[in-house]
Amino acid sequence: MIIPISADRVATTRGHGAGYTSPWNTGNLAEGTEVAIQLCAVKGEAFSCSAAYTGHA
């Protein structure tokens with residue numbers, strides 16, 4: 001499993017059927033805040049994650 005250095009926000013659809021969208025939608029980020037995103041596809045115990053990409057809000 002991927003262990004992030006810091007995770008302020010995590011969104012997941014794990015355990016839900018196709019078409020589900022996470023209700024998670026909170027917290028504004030100040031302009032210029034450095035952010036990182038990493039996407040993971042999970043099936044059972046197997047997972048495959050992208051590289052983490054950084055940018056600014």
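Cysteine 40 has a relative accessibility of 42%, so it counts as partly exposed (buried means under 20% relative accessible area, exposed means over 50%, and partly exposed is in between, using a 1.4 Å probe and protein chains only). What you're looking at is a predicted model, in which local features need pLDDT of at least 70 and side-chain atom pairs count only at pLDDT 80 or more, while totals for chains, interfaces and linings use all residues. Residues are numbered from 1 along each chain as its sequence is written, and side-chain values use heavy atoms, with hydrogens and water left out.

**The chain as a whole**

- The secondary structure comes to four strands and zero helices (both are DSSP runs numbered from the N terminus, with helices being H or I of at least four residues and strands being E of at least two).
- Going along the sequence, you'd read the pattern as β-β-β-β.
- The chain has 57 residues, and 0% of them count as buried.
- Its accessible surface is about 5200 Å², and carbon and sulfur atoms own 55% of that (these areas come from the Shrake-Rupley method with a 1.4 Å probe, and for residues only the protein chains shown count as cover).
- Take the contacts in the chain with a separation of 6 or more: 27% of them are between residues 24 or more positions apart (contact means heavy atoms within 4.5 Å).

**How confident is the prediction?**

- The average pLDDT of the chain is 78, and 81% of the residues score at least 70 (pLDDT is the predictor's confidence in each residue, from 0 to 100).
- Among the elements, strand 4 (residues 53–56) has the highest mean pLDDT, at 89.
- The lowest mean belongs to strand 2 (residues 40–43), at 85.

- Strand 2 and strand 3 (residues 46–49) pair up in the antiparallel sense, with four bridges (two strands pair if DSSP finds at least two bridges between them).
- Cysteine 40 has cysteine 49, in strand 3, as its bridge partner.
- Valine 42 is likewise bridged to a residue of strand 3, namely phenylalanine 47.
- Two residues sit between the strands of this hairpin, and glycine 44 there takes a positive phi near 65°.
- As a general point, side chains in a regular strand alternate between the two faces of the sheet.
- Lysine 43 also belongs to strand 2, and this lysine is exposed because its relative accessible area is 72%.
- Lysine 43 and arginine 14 are 29 residues apart in sequence, with 8.8 Å between their C-alpha atoms.

**The disulfide**

- Search the whole structure and you'll find one disulfide (that is, a pair of cysteine sulfur atoms within 2.5 Å).
- The disulfide joins cysteine 40 and cysteine 49, with the two sulfur atoms 2.1 Å apart.
- The torsion about the S-S bond of cysteine 40 and cysteine 49 is about 110°, so this disulfide is right-handed.
- Cysteine 49 has a relative accessible area of 25%, which means that this residue is partly exposed.

**The segment before strand 1**

- Threonine 12 is part of the segment before strand 1 (34–37).
- Setting aside neighbours within four places in sequence, threonine 12 is in contact with Tyr20 and Ser22.
- From threonine 12 to cysteine 40 it's 28 residues in sequence and 9.5 Å in space, C-alpha to C-alpha.
- Asparagine 28 lies in the segment before strand 1 as well, and its relative accessibility of 80% is why it counts as exposed.
- Asparagine 28 and alanine 57 are 29 residues apart along the sequence and 9.5 Å apart by their C-alpha atoms.
- Leucine 29 is another residue in the segment before strand 1, and a relative accessible area of 41% makes this leucine partly exposed.
- Apart from neighbours within four places in sequence, leucine 29 is in contact with Arg9, Val35 and Ala57.
- Leucine 29 and histidine 56 are 27 residues apart along the chain, and 9.5 Å separates their C-alpha atoms.
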